[in-house]
Amino acid sequence: MAAAAASSCGGAGCGPHCSSSASAAAVEDAAAAAAEKVGRLSLSRECGKCGGGAAAVAVAGGLGLCGECFRANLLGKFKLAVTSNAMVRPTDSVLLAFSGGPASRVALQFIHEMRCKAIESWDVSNSQALPVFGVGVAFVDESVLCSKPRDEIEMAIEDIRSIVSSLSTGVKAMHIARLEDVFSTESEDGERRLREAVDMIGDDTGREDFLRCLRMLSLQKIAMENGYAKIMLGSCASAIACHVLSATVKGQGYSLPADVQYVDTRWEIPVVLPLRDCLAQELTLLCELDSLKTQQHLDRPSNGINSLVASFIKRLREENPSREHTIVRTAQKLKPFSFNKFSADGYHDFLPSRLRPKFQKFDSDESTFSEILCLMCGSPFSESELQNLESTKHKAQKKIDLYTAHCCQSCYFQILPAGENLNEHFFSLLPKLWTGKMDTISDSHSLLRDQIEEYLLEENDDGN
Amino acid sequence: MDSAVDGPRQPPARAGSRLCTRCGERKAALKRPKTLEQICRECFYVVFEDEIHQTIVDNNLFKPGDRVAIGASGGKDSTVLAYVLSELNRRHKYCLDLFLLSVDEGITGYRDDSLETVKRNEIQYGLPLKIVSYKDLYGWTMDDIVKAIGLKNNCTFCGVFRRQALDRGAALLKVDKIVTGHNADDIAETVLLNILRGDIARLSRCTFITTGEDGPIPRCKPFKYTYEKEIVMYAYFKKLDYFSTECIYSPNAYRGFAREFIKDLERMRPRAILDIIKSGENFRISTTTRMPEQGTCERCGYISSQKLCKACVLLDGLNRGLPKLGIGRTKGIAGGDGDCEQQATRSERNRSSLQGKHGNFDF
């Protein structure tokens, strides 16, 4: 598609967004090139929203938008997600997980812009009523498992740093954490344990999912150690659609809704997903239009169920651009968990009064968090997993049995090594942040048993 | 149900080992698709049949004295189902009266040949056969329908008509249950398709092993956890007589995207098929989602959530010379011709990739 020459600024037909013919032409060329690069053509020449300029993007639903309206559309979705789900309070510090990819790059840009705007409002009001939320950025360095040359990795990480530092009104802090740090504070010991644990996992998909669990653990660790109240991920609708199918394929239909909501408070530090309604293609395009720098050289090649699902969805998307939204919408109709909303007393006090009634209702319906979560991936246990756990508790002879029973069926199958000895060694390698919880439960369990031991009759072991 | 042995946890196969891993006596003749165990033919028969028996017992599919119609197309699924159900009925004394029930869609060169197979099965298995035809029920054969509307969308007619025809045939036989040969691959595919289409109502019930318990005649799927490859393997070793040509009006029925995806998954991780079914069973639908209410068609009395059932709507269109009536949702005439063409093209393309085997599944 050839970009049409922009009309002269002096013309009566000029739209309000046309600042100069030169820059408009440049934007059009960039937009046209970008649109072609993502393999999509504009459906009309006019922006469906403001009526001016050449349409750059065909969004889902067939509406053509110019660059500015397209950007405003995405930013609007982001802000709506943040405000209508009370993701960020004025007193919060938010840790943004930045991978270098387009989605987290847009999230970084948008949360930064929201913060700048909040600061301006605060300055103008000249009041001490409400502070402005803080933003920190975290990057999890997984280069220890990367097969690329060290200097290439160093340059990529330096790019990550420069992207963050290039934002005006600098963020509170940039945290770069090595993945192996969750295993041990000693560098070599952590690296050894990480490598050893990963090498023990025989299933490609299991290895990928294990690393994903470690990534979340690493983010939690950074947030807890640095006083952050929230973790913001750049997960977009496309990534969530892939996750919906992947989880279904792994038998995780029960726990799947936990992972696709805007808010997830099952972790020590709540996790929020403000880009849940935006597509990867849209975010990639926005990065190109706005010249937002990304860094994707650290992406690891993937084979296994997750990549099979991704290529399947890619194929469906080519046939119907709305497919990803449909998948996410289907998952939205599944029942969320009690931890998929904020329910702490007084949490919504900072909200504007017009929004508060919506959350008051939820607060009164508050139900205590009673789910048992998988030791590694945090998935809520289904009925059959709970039954298995209960029966194991009663007859557990070793700590290893409790560890194993606290893993969901998916992690049990694709991550845990076969054989009891290997299993024991694998658990000995795992981060204390995971196994430490089990140790606490195990100790209290045996303490109770000691107290009543003299009254126990010999158990008859009729296997049911 | 989780009967799959964990693939990656299997000990490495001993080099040169050719004995069955189950009995340790006979030569291994196959690698079991569901679990990748190397077993002999006799053990394969045992595990295959016992798993189906266990499914029947665990789910209380039948009670003594039930009259049961087996939906018989002549294809591998229904042929194996008829054979296995006869065997289990005799061996475990279910005390069922079994019948074969076939639908003649009126597809020259395809259905007439497959029905010949069912007629042979009737003799081989000693099961009475009842055939109902579209011609008798609706006045139209599929040959006639395809002449009227072309190849596009004919699967929709066939799927809707067949489902109702099966129920009508069952009523004529006065049976208590209908069993169909839907296998694990079919059900896993349906779970995925309902996610992809956003069909939450169907998603909530597509994994039910028995459906229609509130209707005239319940339908059961004894092969719910049985892999398609194992059905083929069983038919092969038992030398069962079945018809395997694809429907001539739907030559690409087996090449939908979802089907292809499931085959790739199975190759990568055999238990994925059972895992998808388990996910489908574990989905909890939010109670705020409105489910369509069931009623009856005012014209023919069949179950319907609308005033007229789908079959009557389609039939009305055919009889009035407007066969496209009832196909998809027709939008208003607003918009130029170009828009209409684009929308038509888009909706056509939308349907093609998500067609399941033989058109839409309507569990």
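## A walk through a two-chain model

Let's begin with chain A, where buried residues make up 48% of the 464 residues; buried means under 20% relative accessible area, exposed over 50%, and partly exposed in between, using a 1.4 Å probe and protein chains only. This is a predicted model, in which local features need pLDDT of at least 70, side-chain atom pairs count only at pLDDT 80 or more, and totals for chains, interfaces and linings use all residues. Residues are numbered from 1 along each chain as its sequence is written, chains are lettered from A and ligands numbered from 1 in the order in which they are written, and side-chain values use heavy atoms, with hydrogens and water left out.

Chain A holds 16 helices and eight strands; helices (H or I, at least four residues) and strands (E, at least two) are DSSP runs, numbered from the N terminus. Take contact to mean heavy atoms within 4.5 Å. Among contacts in chain A between residues at least 6 apart in sequence, 71% join residues at least 24 apart.

Now look at helix α10 of chain A, residues 323-332. Eight of its ten residues are buried, so the helix is largely enclosed by the rest of the structure. The buried ones include Arg323(A), Glu324(A) and His325(A).

Further along, Ser379(A) sits in the loop between α11 (356-364) and α12 (383-395) of chain A. Ser379(A) counts as buried because its relative accessibility is 5%. Leaving aside residues up to four places away in sequence, Ser379(A) touches Gln252(A), Ser255(A), Arg266(A), Ile372(A), Leu373(A) and Cys374(A).

Next, let's see a place where the chains meet. Two packed helices are described by the angle between their axes and the distance between the axes. Helix α7 of chain A (residues 237-249) packs against helix α7 of chain B (residues 184-197) at an angle of about 160°, with the axes 11 Å apart. Therefore α7(A) is roughly antiparallel to α7(B). Here axes are lines fitted to C-alpha atoms, for helices over the stretch in contact, and angles run from 0 to 180 degrees between N-to-C directions; under 35 degrees counts as roughly parallel, over 145 as roughly antiparallel, 65 to 115 as roughly perpendicular and the rest as oblique. From α7(A), the contact uses Val244(A), Leu245(A) and Thr248(A), and from α7(B) it uses Val191(B), Leu192(B), Ile195(B) and Leu196(B). These residues of the contact between α7(A) and α7(B) divide into six nonpolar, one polar and no charged. (Ala, Val, Leu, Ile, Met, Phe, Trp, Tyr, Cys and Pro count as nonpolar, Asp, Glu, Lys and Arg as charged, and the others, Gly among them, as polar.)

Finally, on to the salt bridges: a side-chain nitrogen of Lys or Arg within 4 Å of a carboxyl oxygen of Asp or Glu. Over all chains, the whole structure has 40 of these salt bridges. In one of them, Asp189(A) pairs with Arg193(A), their closest N and O atoms being 3.6 Å apart. The two are four residues apart in helix α5 (residues 187-200) of chain A, so about one helical turn separates Asp189(A) from Arg193(A). Asp189(A) is partly exposed, at 24% relative accessible area, while Arg193(A) is buried, at 11%.

In chain B, Arg32(B) forms a salt bridge with Glu230(B), with the closest N and O atoms 2.9 Å apart. This pair links distant parts of the chain, 198 residues apart: Arg32(B) lies in the loop between β1 (30-31) and β2 (38-39), and Glu230(B) in helix α9 (residues 228-237). Both Arg32(B) and Glu230(B) are buried.
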